[in-house]
Amino acid sequence: EGAEAAGSVYESGTQMQDGEDEETKHTHTGQTYTALESKDKIELSAGNYYLLGDLSTAETLTIKDEVNLCLNGHTLSLADGTMGSLFQIGDGGKLTLCDCEGKGKLVGNDDGGSVVTVASGGTFDMYGGMITGAKATSGGGVYVNSNGTFILNGGVISGNHSTNSGGGVYVTSNGTFTVNGGVISGNTGYD
């Protein structure tokens, strides 16, 4: 199934437990992040998460609360043969994506879903990482529904394909897409 937060949460000055080392400690701007390491749950609760290593999931990861995810230089991918999106950001949900190492990726597949789908009332803020590898009907990289919001502040959307419109990003009427930075290139549409 999907992904679950697991591991220890650290704060400045917290003593590490036996078997833990400095490599498992992860913070951004004073915020403590929890390792995302298993695939036992398909809904991420509110919180800050980071990848300890590459992960693949056979289920869509559902965001209904405020979730911050640092890719930490690793890849989170949707398994081949899995229909749907890697992330579904629901009404009232917010996903903020960053990558402190500069090599992290969200990777879709060829089975018809966008990497990230933003539902009505959902918000996706992208500050880093790459969105790649998806083939969808519309919006291979990111699909924004009516009243959904996508703010691109940094990162790359590349290597996605759409058989209809928006190889990289597709925004339906009344959806919002704001570009403050980042790169969208190398995506294709209209097969």
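Modeller: What follows begins with one asparagine and moves out to the sheet, a salt bridge, the cores and the cysteines.

This is a predicted model: local features need pLDDT of at least 70, side-chain atom pairs count only at pLDDT 80 or more, and totals for chains, interfaces and linings use all residues. Residues are numbered from 1 along each chain as its sequence is written, and side-chain values use heavy atoms, with hydrogens and water left out.

Start at Asn 109. It sits in the loop between strand S13 (105-107) and strand S14 (116-118). Strands are DSSP runs of E with at least two residues, numbered from the N terminus. Is Asn 109 buried or exposed? Its relative accessibility is 2%, so it counts as buried. Buried means under 20% relative accessible area, exposed means over 50%, and partly exposed lies in between (1.4 Å probe, protein chains only).

What does the side chain of Asn 109 reach? One of its polar atoms lies 2.9 Å from the backbone nitrogen of Asp 111. Now look beyond the neighbours within four places in sequence. There, Asn 109 is in contact (heavy atoms within 4.5 Å) with Leu 78, Ala 79, Asp 80, Gly 81, Thr 82, Gly 133, Ala 134 and Lys 135.

Step back to strand S13. It belongs to an open sheet of six strands, in the order S7-S10-S13-S16-S20-S24, with parallel pairing. Strand S7 (55-57) and strand S24 (183-184) stand at the edges with a single partner strand each, so one side of each has no neighbour in the sheet. Two strands pair if DSSP finds at least two bridges between them. S13 and strand S16 (residues 130-132) are joined by three bridges and run parallel. Across from Val 107 stands Thr 132 in S16. In general, strands of a sheet pair through backbone hydrogen bonds, either parallel or antiparallel.

Next, the charged pair. How many salt bridges are there? The count is one. The rule asks for a side-chain nitrogen of Lys or Arg within 4 Å of a carboxyl oxygen of Asp or Glu. The partners are Lys 94 and Asp 125, whose closest N and O atoms are 3.4 Å apart. They link distant parts of the chain: Lys 94 is in strand S12 (residues 94-98), Asp 125 is in strand S15 (residues 123-126), and 31 residues separate them. Lys 94 is partly exposed at 27% relative accessible area. Asp 125 is buried at 7%.

Now the cores. A nonpolar core is a set of buried Ala, Val, Leu, Ile, Met, Phe, Trp, Tyr and Cys residues joined through side-chain atoms within 4.5 Å. The largest has 31 residues, and Phe 87, Leu 106, Val 116, Phe 124 and Val 142 touch the most other members. Residues up to four places away in sequence aside, Phe 87 touches a list that includes Leu 44, Leu 95, Leu 106 and Val 116. A second, separate core of five residues includes Ala 35, Tyr 50, Cys 70 and Cys 98.

Last, the cysteines. The structure holds zero disulfides. A disulfide needs a pair of cysteine sulfur atoms within 2.5 Å. For Cys 98, the nearest cysteine sulfur is that of Cys 70, 4.0 Å away. Cys 98 is buried, at 18% relative accessibility. For Cys 100, the nearest is again that of Cys 70, 3.5 Å away. Cys 100 is partly exposed, at 37%.

Methods
Polar contact = N/O pair within 3.5 Å; in protein donor to acceptor, adjacent residues only side chain to side chain.
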